[in-house]
Amino acid sequence: MSNAYIDDFPAEAKVVRTAFYSSFLALALGGVFGVIQTLHRTGYYRFIDSADYYTVLTAHGVFLVISFTIFFLVGVFTWAITTSLDRGVEDLRFTWGWYGLMAIGITLSGVAILAGFTDATDISASVLFTFYAPLQAHPMFYLGLVLFVVGTWLAGVDWFRSWWAWKAENPDERIPLPTFMVLTTMLMWYIATLGVAAAILVFLLPWSLGLVESVNPLLTRTLFWFFGHPVVYFWLMPAYMMWYIMLPKVSGGKLFSDPLARVVFVLFLILSVPTGIHHQYLDPGIAEGFKFIAMTNTMFLLLPSLLTAFTVVASMEHGARQRGGEGYFGWLKALPWRDPVFTGMALAGLMFAAAGFSGMINAGMNINYLVHNTFWVVGHFHLTVGTAVALTFMAVTYWFLPQITGKALWSRSVALGQVVLWFVGMTFMSNAMHRAGLLGVPRRTAEPQYDGFEFEAAVGTMGELQAQIALGGILLTLSLVLFFANVVGTALNGRSDDLPANEYAGTLSGPEDAPLVLDNLKLWTAIAVVLVVFAYTFPLLSIIDRGGLFGPDINPFPVSLETVHLLAFALESHVTGALESVAWLGVNR
Amino acid sequence: MNVHTYEKVWLIGALVLIVGFIVTITYGSVGLGIAMVDDSEETIEPSELDEDERFADPRVEQVGENEYEAYVVAQTFMFQPDPVEVPAGSEVTFYVTSRDVIHSYSVAGTNINTMVIPGEVAVMTVEFDEAGEYGVVCNEYCGSGHHTMEGELHVVPDEEFDMTELSVEADDEVETGDEATIEVDVENGMLEALETTVTLEIGDEALAENVTIDGGETETTTFTVDTADLGEGDHDWTVTVDDYEDSGTLTVVDELEEDDDDE
């Protein structure tokens, strides 16, 4: 009998396993649509109609960034809560309840999207992941998304219940780090999803059902991005958690600093939401001042990521030195590069650093003119969610699979090949996407070639860029095939008695070094809410005042434009000041 | 809280970097004057663009010596006007709106790029220093034909640029001996007066008249041709003003058919 997760928590292991398999199913579907898209766009192989490309694109986006990432997240978070609190879930039926709700929700949305391929029904939802009105999807698409999100809300309730029950039994203990990460991430998620919930429940769903005649496209779009930016941190936080609590362990050492890990998650809680308008730098109808506020908030959001870079590298170095590594850079050789869990996460972290740089360009308000909605942006998020998140998830899957199935991993060498192949494939694809974006090649288009003009590359040619993108796409697909071979191969293995124990990394500087205030979740939530109110109240009021709640000709909100502007400018300096002090507050303690 | 010295250094470095970025962007806004697309324009009813002064007739208009305004309408899956033509060395303010869903107006390879949201008017002021031809794409998904939505932007050399419009009304058929009239309207869309020559070539004859057209005005030049000199038959004519040309055919007949006179 070993000490794997499945031995201690057999019922929870089944939940985690089911969530992971749901996630992998979405990954498989998303991957298939991904390669179809790559080959179509680059012109290498076009077997679908270009009009259907957008259905493929919608499916690729929704399956990967909604179902793949979030199902994986609920699996990891369930594991993190139960492991770090060392207690099973409070009510297993409730746990299966939220999982079921998420599954039903994504199935409804998925069916609505895939129905777009056939003329047999009127159902379709080729509105892409952003579903900007006035593009309209079938009500089933919106309804499915609502159910899915409500499922995640209940999952959060489940984890909070575990923590409350644990706290009652351990009143004087610090919140264990993995639990702290889960709770702060979920608080951020509750705030963030209010935007998309309002957009769908108040406007888009009634509109798609014909209950209201029109919507204000700028308003629903702004509400979408209220959610649309923090959702990327929702994908990223489980990956960050793995970098903090798993990477140091597989490197052979300990986490450098528990308190700074807490600071980082607190910063994400308070800064993730009031930044969404940076996706709308080029939107008419939003004042420049509001865009400026979003820009400064976004730049401060670099801080937790820069801190993470330090902590992760320092923890890796500590691990390497424990393994006998020496010298300024010589310790790098002592790292366990043959371990797919380590190598996958390390390569994902490296790619995230590159993604950080392209992200800074995107965040640069006026520089954004050059890259907004070009292929550059696609290159950027294939490094973030497509590599930092996805590759980390795949790498830790090789650690999780034995834990949740009780079976040894099918093949470590195939796993190692898989993570390296992903890194190589994404290097080709993403680099070429970034470069193409600088030429003005748009994202989200079936055929980036035009009758009236050609894109001119300063270095290389369009043909070479297309070839790199197609090559990258094929390597990524091969990598996925290897990944699924390992998942299936492991599932077909017999039970093993010789599995590693269910453990995560210890810390060099532990929670005893972290000021108590860091665990005051109410305080951080309150600050987060205040910042959101500052960043969003006036833009939203202004948009409603200008264009009407339900469209341009209705003007039901009795706030004059002049008042809104005056107040906005008065607040602008306060908000920027407040942010700076908050950022300092977080790090000076 | 116990923070390692190296980590403190890193932290300060990170904050300096962040503040540095914000300063850079602020310099771009204040120092270089790169304004963001904002809320300076009133909202507009997408269904009533045809009654709108600016967007009913999408066009380029001269508003100052080197200043122009372009009123652009984006709709599935085209831009109007197309191409947009402006002179090099000018400052052009684009006003762009949408008739239906969200589009963009993005000039490939430049920083001319804006979302086009129905109900809103996006404004961008751009300086064109050099002549060149650019492609315009819609970079926001707008429906199944999104990839076919494209346009062009022509920045023509200053000396080749004009906003002259030529239209000709001419008789089709006249009786031998009668006079045929060819009426030439020349519109000068620029603010400055236009001095030019209107020429008519018909048969072996060439007629010319010098005209001066004030800014924003239309001048009519009427040529009369004695058909007796031309003789019976078809005669091709060509009217030329600068680089513009219009042509047609005048038929001189022995006797016009009855019903023509009744009208």
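The model is predicted.

I'll start with helix 3 of chain A, residues 53–85. Helix 3 has 33 residues, and from its first C-alpha to its last it reaches 46 Å, close to the 48 Å expected at 1.5 Å a residue. There is a bend of about 30 degrees in helix 3 at Phe63(A). Is this helix enclosed or exposed? Of its 33 residues, 32 are buried, so helix 3 is largely enclosed by the rest of the structure.

Next, the contact between the chains. Chain A puts in 64 residues and chain B 49. On the chain A side, several helices supply at least two residues each, among them helix 7 (217–228), helix 12 (302–322) and helix 18 (521–547). Which helix of chain A gives the most? That is helix 11, with six residues. By type, the chain A side divides into 37 nonpolar, 15 polar and twelve charged residues.

Now chain B. Chain B is divided into two parts: domain 1 covers 46–160 and domain 2 covers 164–257. Their C-alpha centres lie 34 Å apart.

Last, a hairpin in chain B. Strand 14, residues 194–202, and strand 15, residues 205–213, run antiparallel and are joined by nine bridges. Glu201(B), for instance, stands opposite Ala206(B) of strand 15. Two residues lie between the strands, and in that turn Gly203(B) has a positive phi of about 55 degrees.

Definitions and conventions
Residues are numbered from 1 along each chain as its sequence is written. Chains are lettered from A and ligands numbered from 1 in the order in which they are written. This is a predicted model: local features need pLDDT of at least 70, side-chain atom pairs count only at pLDDT 80 or more; totals for chains, interfaces and linings use all residues. Domain bounds come from an automatic or database domain assignment. Two strands pair if DSSP finds at least two bridges between them. Helices (H or I, at least four residues) and strands (E, at least two) are DSSP runs, numbered from the N terminus. Two residues are in contact if their C-beta atoms, placed from the backbone, lie within 7 Å. Ala, Val, Leu, Ile, Met, Phe, Trp, Tyr, Cys and Pro count as nonpolar, Asp, Glu, Lys and Arg as charged, and the others, Gly among them, as polar. The expected span of a helix is 1.5 Å times one less than its number of residues. The bend at a residue is the angle between axes fitted to the seven residues ending there and the seven starting there. A residue is buried if 20 or more other C-beta atoms lie within 10 Å of its own, exposed if 12 or fewer, and partly exposed in between; C-beta atoms are placed from the backbone.
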